[in-house]
Amino acid sequence: MRKILIVGSGQSGLQLALTLQQHGYDITMMSARTAEEIRGGRVMSTQCMFDKALSIERSHGLNLWDDVAPAMTHQGLSLSVERGERALNWLGEWPGPAQSIDQRVKMATWLELFEQRGGRVVIHGVTTADLNALAGMYDLTVVAAGKGELVQLFDRDDERSVHTRPARALSVSYVDRVPKRPERPEGSVDVWVNIVAGVGENINIPGYTVTGECEIFYLSGIPGGPFDAFSDRPGPEEQWQRHLRLLETYLPWEYERYRDAKLTDARGTLVGGYTPMVRRPVGELPSGHIVLGMADVVVANDPVTGQGANNACRCAQYYLEGILARGNEPFDREWMQQTFEAYWTHAQWVTKFTNTMLDPPEHVQAVLGVAQTNQAVADRFAGGFNDPSDLADWFFEPEKCQQYLASVS
Amino acid sequence: MRSKRIRPYALTGGRTRPRRELLVEALVSVPRYDPGLPDSLMPESRALYERARTRVSIAELSVALSMPLGVVRVLVSDLAAQGAIYVHPTAHAYHHDREMLGRILDGLEQLRI
């Protein structure tokens, strides 16, 4: 039985642990926190997962919230050019519903599930010194802890990285008591992306958290602009009040829905910002042992396109397939590189899409405009969130984009 | 190391919680020393097993064997899963026992620091 050490108990680490466990691998999982601490801690992300990623989870029987999670069927988009004026407002339909399960709920449950199935969990915030000794005791060591010193083991890939500093200042509030959108039919459950030109983005995601159904409010501010207003890390209530005041000024149509909303719990807020980066997948320790980086350890994107959890899910699936296909051959440097490259064939489009949406060129702005009156374009754009590789042959270059728009008009 | 795997629930009669969290202050010891076992262990685990013949904390093991804390935790949990090492309950296990917590507090107050 092959012994594998997985460091980090997020979407990718736990998904890989649970799926390898199903195939009889001897997995040791190291998590900085216990399930109880995860459940009782702060929210970690917005984690909107689209149909393609959800279908991977379902194929492994890890879809434990299908009966309680709001099933989001459409993605809306509004654009504000003048302050408070809604220039565009349309929505596209996804091929299958998306859902967002608070990672406090999901990771705590998955960690317990892994243990109940006989997996070994060691609670410890892993350091490089720990890995230096541990890596040699396992056939393979996977680093899936996207925050902390271990990321430094993996060098920046300058050719695949665009940014050198955070592109957005991020803030999140989990709230409830939010009425449905008045303009949408009864029973509609939609994600809505609001773009405020020159200021940033606001994305609202119906989700499921520790208290049940909720609405996840995400604000993404261009550094130095009005949405970049949380670097003093206000308390939860103060943060939500600031979110409301910004909504009232810049997005009054959203303010109308949110004015009476309340935080779901005292740990339902988050403030952050990080530099999008692609890293090399193989980390070398002073002892000479090598470790494989996974998900946002090696491909970290800005959350503006909501790809983080989807990427983590896909990466864990590519790595699972790579490990199973390897049989009893050694997990050497070459295999690690190949396994990552298989994932990159997908992740490259995610990275390209996300970087494009952080600074949309003119032809992308044209796509958003055409979608206002052309449902095929709206649906195709929304579909890009579900599967960014579908954007490859029309979205990124102005000529191809014009050809596509002409073909559907 | 190809350890003899014993599922945690085999040791606890089907319960997986509360699980030992191996806090730095947790004490461990070898319940019944098996002279045949060390030969089947990796050098690091062997050293831990020998050292734990007298009761010792996770922190002390780390220092005495110059082994990073994370490594000690992983190897001790492997040995504990085999039943080779016993992890004594810490104050953490008495979370809801006010009387025990009171006794611990009394003991701490009597310490002259």
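Predicted model: local features only at pLDDT ≥ 70, side-chain atom pairs only at ≥ 80, totals over all residues.
Strands of a sheet pair through backbone hydrogen bonds, in either a parallel or an antiparallel way. In chain B, an open sheet of 3 strands is built in the order β2-β1-β3, with antiparallel pairing. Because β2 (56–57) and β3 (86–87) of chain B each have a single partner strand, they stand at the edges of the sheet, and one side of each is left without a neighbour there.

The other topic is the contact between the chains. The size of an interface is often given as the accessible area that is lost when the parts come together. Between chain B and chain A the buried area is about 2100 Å², and carbon and sulfur atoms give 54% of that area.

| Item | Value |
|---|---|
| Residues from chain B in the contact | 21 residues |
| Residues from chain A in the contact | 25 residues |
| Salt bridges between chain B and chain A | 1 salt bridge |
| Polar contacts between chain B and chain A, both residues at pLDDT 80 or more | 4 residue pairs |

A salt bridge links D78(B) with R120(A), and the closest N and O atoms of this pair are 2.7 Å apart. On the side of chain B that touches chain A, the elements giving two or more residues are α1 (8–12) and α4 (69–82) of chain B, and α4(B) gives the most, with 8 residues. Sorted by class, this side of chain B has 9 nonpolar, 3 polar and 9 charged residues.

Technical notes:
Residues numbered from 1 in each chain as written. Chains lettered and ligands numbered in written order. Heavy atoms only, no water. Contact = heavy atoms within 4.5 Å. Buried area = accessible area lost by both parts, 1.4 Å probe. Salt bridge = Lys/Arg side-chain N within 4 Å of Asp/Glu carboxyl O. Polar contact = N/O pair within 3.5 Å; in protein donor to acceptor, adjacent residues only side chain to side chain. Helix = DSSP H or I, 4+ residues; strand = E, 2+ residues; numbered from the N terminus. Nonpolar A, V, L, I, M, F, W, Y, C, P; charged D, E, K, R; others polar. Pairing = 2+ DSSP bridges.
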